[in-house]
Amino acid sequence: MAVDLTLGFIGTGGITSFLVRGLCSAPEFTGRVILSVHKNRGKAEELKELFPERITICESNQEVADSSDVVFIAVLPQQHEAVAGAVKFKPEHRVVHITGGVKLEDSRSLYAPAARAVRAIPLPFAAMRMGPVLFYGDDPVCRELLAMLGSIVEVRAESELEVLGPVTGMMVPYYALIAEYVKWGTAKGLSFKTALDYAGYMNEALSSFMRTHCTEDVETFLIDNSTPGGVNELGLKLLREGDAYSSWSKTLDALYVRYNSMGKNGVAGDTR
């Protein structure tokens, strides 16, 4: 079903760039996009060059809101209250709250009298319309829009979103892990492309297979996918003996604190 709405973005940083690229390349989206400059004129003009017939650039955040059906708030967390609080919303507005580390429930008063607001955590892959999009709220129109950007992972409570949000901080550490495979392979004589292709394709398949075949009994899944006496069994044994996995949990604990304190007490942050 085609969605013919005007989408306004307040904040034109990296995540807005990814969202706009994905939406404007989605055949289901037939509407327009309005961007506020908000300190990132260069990114706004770059998007305008890519989609000249779809995008309008405004100097004023209020002008963006006045001209839009759906308003995306995507500013840095420490700027959120001042920026969103200065915008006069309308009752018919839909608001998509993107600002990381700031609760939707704490922001509803800023969005009033707009009655429909949701929170989402999209990832850079949204530009290619792939990957997960965390979604919290109860608005089917916003959900349909965000579903154009990837696979919706809908949570029942905002607290669940606040647990999953910090997991995004493990994207670059994951890249670093793949890089170790590649460096090891190239040291053994493989070309960079061969090593990267194999590691990348293998891990794409591993993630897909685990998502569709793993039950809550994760240990049984691990055993079922290890040949007794084989290299997978040995690999798991050696990493567990070296306590390799506990550092990931400790890192997630630190990211959880950091992610959910962004914008508080002057703490800056980037949702990526």
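**Close-up views of a predicted model**

Both F89 and Y111 are buried in this predicted model.

**View 1. The F89–Y111 aromatic pair is edge-to-face.** By the ring-centre rule, the count comes to four aromatic pairs. In one of them, F89 and Y111, the ring centres lie 5.5 Å apart. Their planes meet at 75°, and planes over 60 degrees apart count as edge-to-face, so the pair gets that label. F89 sits in the loop between α4 (77–85) and β5 (94–97). Y111 belongs to helix α5 (residues 108–111). The pair therefore ties together parts that are 22 residues apart in sequence.

**View 2. F209 and F221 form a tilted aromatic pair.** The rings are 6.1 Å apart, centre to centre, with 35° between the planes. F209 is in helix α9 (residues 192–213), and F221 is in helix α10 (residues 218–224). Twelve residues separate them, and the pair links distant parts of the chain. F209 counts as partly exposed, at 37% relative accessibility. F221 has a relative accessible area of 12%; buried means under 20%, so F221 is buried.

**View 3. M170 lies in the loop between α7 and α8.** Helix α7 spans 158–164, and α8 spans 171–187. M170 has a relative accessible area of 10%, under the 20% cut-off, so M170 is buried. Leaving aside residues up to four places away in sequence, M170 touches W248, T251, L252 and L255.

**View 4. M170 and E46 are 29 Å apart in space, C-alpha to C-alpha.** In sequence, 124 residues separate M170 and E46.

Notes:
Residues are numbered from 1 along each chain as its sequence is written. This is a predicted model: local features need pLDDT of at least 70, side-chain atom pairs count only at pLDDT 80 or more; totals for chains, interfaces and linings use all residues. Side-chain values use heavy atoms; hydrogens and water are left out. Helices (H or I, at least four residues) and strands (E, at least two) are DSSP runs, numbered from the N terminus. Buried means under 20% relative accessible area, exposed over 50%, partly exposed in between (1.4 Å probe, protein chains only). Contact means heavy atoms within 4.5 Å. Rings of Phe, Tyr and Trp (its six-membered ring) pair if their centres lie within 6.5 Å; planes under 30 degrees apart count as stacked, over 60 as edge-to-face and the rest as tilted.
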